[in-house]
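Here is a friendly tour of one protein model with its ligand. Please keep the sequence and the 3D view open as you read.

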Amino acid sequence: MNQVPTIKLNNGTLMPQLGFGVWQVPDDEAERAVGAALEAGYRSVDTAASYGNEEGTGRAIAASGVPREELFVTTKLWNVKTKVWDRDGVLRAFDESLGRLGLDHLDLYLIHWPRPMRDDFLTIWQTFEEIAASGRARAVGVSNFRPVDLERIGGVSTLVPAVNQIELHPLFPQTELRALHARLGIATEAWSPLGQGKELLALPVVTAIADKHGRSAAQVVLRWHLQQGVIVIPKSVTPSRIRENLDVFGFELDADDIAALDALGSGPEGRRIGPDPAVFDI
Ligand code: NAD
């Protein structure tokens, strides 16, 4: 039984609020992990061309027997070093991702990073408009886009990104960017929602709330996201954790819990873990 709520994206597409991420999971292991996730009841999977595991993800989807219309599959256009994308290159990369996944359409296609220094994301976005119009991606969006990048898209296109997938967790709460998303009608999706399973899950504030509810620290952090309407895609290759991360719909954090977790972002540990989109270029 799938209890995961859906979020209605700005074009009406429904996206599960909790999905399964596969960054840094080698192709064969991704096949096993995605298989375990689908078995556990996940119906949304987040991969990317750069993760090198679209094929394993696709094999797991094919073997699962889950009807395609019950699944929500996201992948992302990668940035290849100094390459500056043009329309044909983007269309080819999209086809190649579909081919590796063994699918005839995607549910969500994202620009992985803005790379402002390459100045090509407006061309990419205009090509994404074509992809969306063709119906081969039910929704298109961006990842790691800053307010200034979103503004530039708004300057050339009436198609508002359905999603901005950003680093977000209690130690890096992105309050202003989330408020901008709400104003623009962009759904916020959190990457590294568990803070990559590092110090966040061991902080006394987090473990105390977990003890209070008889839940794990990871489950508490996922509730913090879900109760604020954020989409999450926690990653694990351990079947028990894969199940644990989905089993977060039977309890609720109270206002004190949320306030204590909110306060972490402005505390001494508050910071980003991943790269800064203003300078990240690979
Ligand atoms: P995460 O916050 O999901 O943390 C994953 C790690 O936390 C695991 O490797 C494991 O060590 C630990 N963990 C998982 N479940 C746990 C549990 N129940 N108890 C204790 N520890 C647990 O980090 P992530 O993988 O970086 O992010 C999730 C997904 O976000 C990725 O797999 C990927 O799909 C996406 N992502 C996107 C971008 C981007 O640039 N768009 C960047 C990073 C990640």
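## The ligand and its surroundings

A polar side-chain atom of H112 sits 3.4 Å from an oxygen atom of the ligand. A polar contact here is a pair of N or O atoms within 3.5 Å; within protein, one must be able to donate a hydrogen and the other to accept it, and residues adjacent in sequence count only if both atoms are side-chain atoms. The backbone takes part too: a polar backbone atom of G197 is 3.4 Å from an oxygen atom of the ligand. For E244, an N or O atom of the side chain lies 3.0 Å from a nitrogen atom of the ligand. On its own the ligand exposes 830 Å², and the protein buries 89% of that. These areas come from the Shrake-Rupley method with a 1.4 Å probe; for residues, only the protein chains shown count as cover.

In total, 27 residues surround the ligand, and the closest are D46, S143, Q165, S192 and L194. A residue counts as near if one of its heavy atoms lies within 4 Å of the molecule or strand in question.

## How to read the values

This is a predicted model, in which local features need pLDDT of at least 70 and side-chain atom pairs count only at pLDDT 80 or more, while totals for chains, interfaces and linings use all residues. Residues are numbered from 1 along each chain as its sequence is written, and side-chain values use heavy atoms, with hydrogens and water left out.

## Parallel strands

Let's start with strand β5 (residues 72-77), where 6 of 6 residues are buried. Buried means under 20% relative accessible area, exposed over 50%, and partly exposed in between (1.4 Å probe, protein chains only). Helices (H or I, at least four residues) and strands (E, at least two) are DSSP runs, numbered from the N terminus. β5 runs parallel to strand β4 (residues 44-46), joined by 3 bridges; two strands pair if DSSP finds at least two bridges between them. D46 has T74 of β5 as its bridge partner. From β4 the chain passes through helix α2 (residues 54-64) to β5, a right-handed β-α-β crossover. Right-handed means that, with the strands pointing away from the viewer, the path from the first strand over the helix to the second runs clockwise.

On to strand β6 (residues 106-111), which runs parallel to β5 with 4 bridges between them. T74 is partnered with L108 of β6, and K76 stands opposite L110. Because 6 of the 6 residues of β6 are buried, this strand is largely enclosed by the rest of the structure. β6 also pairs in the parallel sense with strand β7 (residues 137-143) over 5 bridges, where L108 has A139 as its bridge partner. β6, α4 and β7 form a right-handed β-α-β unit.

Which residues of helix α10 (residues 255-264) are buried? They are D257, I258, L261 and L264. Seen down the axis of α10, these fall within an arc of 110°, so they line one face of the helix. The arc is that of the directions from the helix axis to the C-beta atoms. The face turned away from the buried side of α10 carries the exposed residues A255 and D256.

In helix α6 (residues 175-184), the buried residues are L177, R178, L180 and H181. They cover an arc of only 160° around the axis, which puts them on the same side of α6. T175, E176, A182 and R183 are exposed on the other side.
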